[in-house]
Amino acid sequence: MSEHDTRAPILRIDNLSVEYDTDEGSFAALRGITLDVAPGEILGLVGESGCGKSTLGRSLLRLNDEAATTYRGSIHIDGTEVLELSDEALPSLRGSEIAMIFQDPLRSLNPVFTVGTQLKNAVRLGGITDQRAIHEESTSLLEQVGLDEPERRLQQYPHQLSGGQRQRVVIAIALAQKPKVLVADEPTTALDVTTQKQILALLRQLCIDLGMALIFVTHDLAVVWQLCDRVAVMYFGIVVEHGTVTDIFDQPTHPYTRGLLSAVPSLETDKSRPMATIERGRDDGQTVSWEDGSVRFERISDTHFARAVPAAPGTEGAAKL
Ligand code: ADP
Ligand code: MG
């Protein structure tokens, strides 16, 4: 259990549902999501492609196309109800309360501006006005994310950097306004294994140093195991189980979680063991069907919760977990 578990949550998601309007009608991408994250804590969000991980990440910043999205429930960040914010108030939420980084750092960086222009812009948004102070803060942020020669980096364009260096720049920009919560949506998927490990170590250190809460979206169970304090397992827009990493890996309880972990050779907590990547269309757990996200959680321990499995037709009561 992490030392942060006793701290009051900085982010509380309560019974969140998100529907997209599509040409075929409304599509429930998230149903009944209830989760919280404490300062300094790292929550892993796992599940196969299409289960709603990115929708959840974007919803926390209201980054979905608002005209075609219906939100229900509640998202509280440090006392602010995100779902009630006006359009005018959203820019001050993004960056200073919560920031998000994506798989492809080029998507977040503008190719025609130098690193310095983009980073200094973010620092300015954080409220620093003096040019010299902006410059100093920018070099300090580049050092904080482990980039050497910060003065030179500020002059460079994104295409002059490696993928790992770009992702470090993106992280520096995300940190510029000192967000309380960072959402990282598969931020290392496009990187080679060595660089991936370095970025994960950097994110963990930043959470410890800054007390920032991190939501780490991934389909890679090995990354969850290495990085996260807690994990929420998602399936078709629902969190089916959540708990500490040890809870989930040692005692997977929901059939879908068990299916995911069945690819793992052993459930012993051996951190050196290679683990599976979640792929779309696995059969494990697919037989579990859901009416909606309102199926209650069973409490397995203080930290570990799993959805009850609805009874199969013709049987009485919930199936034994
Ligand atoms: P993940 O990140 O876990 O792969 P997503 O959140 O991207 O999942 O998608 C969840 C579901 O919502 C998928 O079925 C996807 O096709 C659908 N979806 C995502 N974005 C939109 C959108 N803008 N409009 C309609 N459906 C969407
Ligand atoms: Mg995604």
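A crossing counts as right-handed if the near helix is turned clockwise from the far one by less than a right angle, and left-handed if anticlockwise. In this predicted model, the crossing of α4 and α5 is right-handed. α4 also passes α7 in a right-handed crossing.

**Helix α4 and its two partners**

Helix α4 covers residues 115-125, and helix α7 covers residues 163-175. Their axes lie 8 Å apart and pack at an angle of about 25 degrees. Angles under 35 degrees count as roughly parallel, so α4 and α7 are roughly parallel to each other. On the α4 side, V115, Q118, L119 and A122 make the contact; α7 supplies V169, A172 and I173. By class, this contact of α4 with α7 has six nonpolar residues, one polar residue and no charged residues.

Helix α5 spans residues 131-144. The axes of α4 and α5 come within 9 Å and cross at roughly 110 degrees. That angle makes α4 roughly perpendicular to α5. From α4, the contact uses V115, L119, K120, V123 and R124. From α5, it uses Q131, I134, H135, E137, S138, L141 and L142. By class, the contact of α4 with α5 has six nonpolar, three polar and three charged residues.

V115 and L119 of α4 take part in the contact with α7, and V115 and L119 also take part in the contact with α5.

**Aromatic pairs**

The structure holds three aromatic pairs. Two of them are described here.

| Pair | Centre to centre | Angle between planes | Geometry |
|---|---|---|---|
| W225 and F249 | 4.7 Å | 40 degrees | tilted |
| Y235 and F236 | 4.7 Å | 25 degrees | stacked |

W225 lies in helix α9 (residues 221-227), and F249 lies in helix α10 (residues 245-250). The pair therefore ties together parts that are 24 residues apart in sequence. W225 has 4% relative accessibility, so W225 counts as buried. F249 is also at 4% relative accessibility and counts as buried.

F236 has 45% relative accessibility, so F236 counts as partly exposed. Residues count as buried under 20% and as exposed over 50%.

Ring pairs also link Y235 and F236 with Y256 into a cluster.

Definitions and conventions:
Residues numbered from 1 in each chain as written. Chains lettered and ligands numbered in written order. Predicted model: local features only at pLDDT ≥ 70, side-chain atom pairs only at ≥ 80, totals over all residues. Heavy atoms only, no water. Axes fitted to C-alpha atoms, helices over the stretch in contact; angles between N-to-C directions. Helix = DSSP H or I, 4+ residues; strand = E, 2+ residues; numbered from the N terminus. Parallel < 35°, antiparallel > 145°, perpendicular 65-115°, else oblique. Contact = heavy atoms within 4.5 Å. Nonpolar A, V, L, I, M, F, W, Y, C, P; charged D, E, K, R; others polar. Phe/Tyr/Trp six-rings, centres within 6.5 Å; stacked < 30°, edge-to-face > 60°. Buried < 20%, exposed > 50% of the residue type's maximum accessible area, 1.4 Å probe, protein only.
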